[in-house]
Amino acid sequence: MLSLKIHKNLLECGTDEAGRGCLAGPVTAAAVILPENFEHPWLTDSKQLTEKKRMELKPIIEAEALSYGVSHVMMEEIDQINILNASIMGMHRSIDQLKSVPEFIAIDGNRFKPYQKIPYECVIKGDAKYLHIAAASILAKTYRDLYMEQLHQEYPMYNWKKNKGYPTKEHREAIKKHGPSLYHRKSFRLLPEQYKLF
C-alpha cells in the first residue's frame, strides 16, 4: 500500500513527468495535492497500469484532488535546454498552476531545482511509494498520451497513437522512411548510427 505523502502535517504536492525518453512530442509534467483521506485501490505507478486503467483513474484524480496542474514542455524548448531541464521546468510550471502554494514538494526521481524556496525531496521510484506522486505520474502520462494521439492525426505514418513517440523499431523505421517531422526532437539521436537520414 502506498503512503499518502512524506509529511503528514504539511500541505504537500507530488510531481512527476512522462515522455523523457521519447523521440517526438513534449515532455509532460504534473503536480497533485491529494486530500488527507484519499485512497484508491488501483492507484500506483502509471507504468504498472494498463492504458485503460490510467484513463479511468484520470477523472477520479481530477475530481478528488485538492488541486492539480499539468504542463507540456515542447520540442523547441527541449532542444534548447535539454531534456532534464525541460522535465524540471515542466514540474515547476505544473506547481505554478496549483490553487494553493504547497509547503513541501515530493518529486519522482533524483533531480530537481529549488522552487520558490519551498522544501523538497527527490524520491527514487516515488511513483511506487507515494499516492500523490503516483497520481501526478498518471496525469502526466494520460495528458501526454492524449496529446500524442492528436498529433497522430497530423502525422499518421509514425503511428504515435500506438508508440506515443517512444523509440520503437516501427517508429524508427518510419523516421528512416519519411524523415523527421516538426514534432521530432532535433537534439535527440532519432536513428541509430547505422541508419542515415536521407
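A crossing of two helices is called left-handed if the near helix is turned anticlockwise from the far one by less than a right angle, and right-handed if clockwise. The model on screen is predicted, so local features are given only at pLDDT of at least 70 and side-chain atom pairs only at pLDDT 80 or more, while totals for chains, interfaces and linings use all residues. Residues are numbered from 1 along each chain as its sequence is written, and side-chain values use heavy atoms, with hydrogens and water left out.

**The helix crossing**

Select helix α1 (residues 51-64) together with helix α4 (residues 131-154), which pack with their axes 9 Å apart at an angle of about 115 degrees; helices here are DSSP runs of H or I with at least four residues, strands are runs of E with at least two, and both are numbered from the N terminus. The axes are lines fitted to C-alpha atoms, for helices over the stretch in contact, and angles run from 0 to 180 degrees between N-to-C directions. Because 65 to 115 degrees counts as roughly perpendicular, α1 and α4 are described in that way, and their crossing is left-handed.

Next select I105, which lies in strand β4 (residues 104-108) and is buried at 0% relative accessible area; buried means under 20%, exposed over 50% and partly exposed in between, with a 1.4 Å probe and protein chains only. Leaving aside residues up to four places away in sequence, I105 touches residues including C13, I95, F112 and Y120.

Rings of Phe, Tyr and Trp (its six-membered ring) pair if their centres lie within 6.5 Å, and planes under 30 degrees apart count as stacked, over 60 as edge-to-face and the rest as tilted. The whole structure holds 6 aromatic pairs. In one of them, F112 and Y120 have ring centres 5.1 Å apart and planes at 65 degrees, so the pair is edge-to-face; F112 is buried at 10%, whereas Y120 is partly exposed at 32%.

Finally, select Y158 and W160, a stacked pair with 5.1 Å centre to centre and 15 degrees between the planes.

Terms used. Parallel < 35°, antiparallel > 145°, perpendicular 65-115°, else oblique. Contact = heavy atoms within 4.5 Å.
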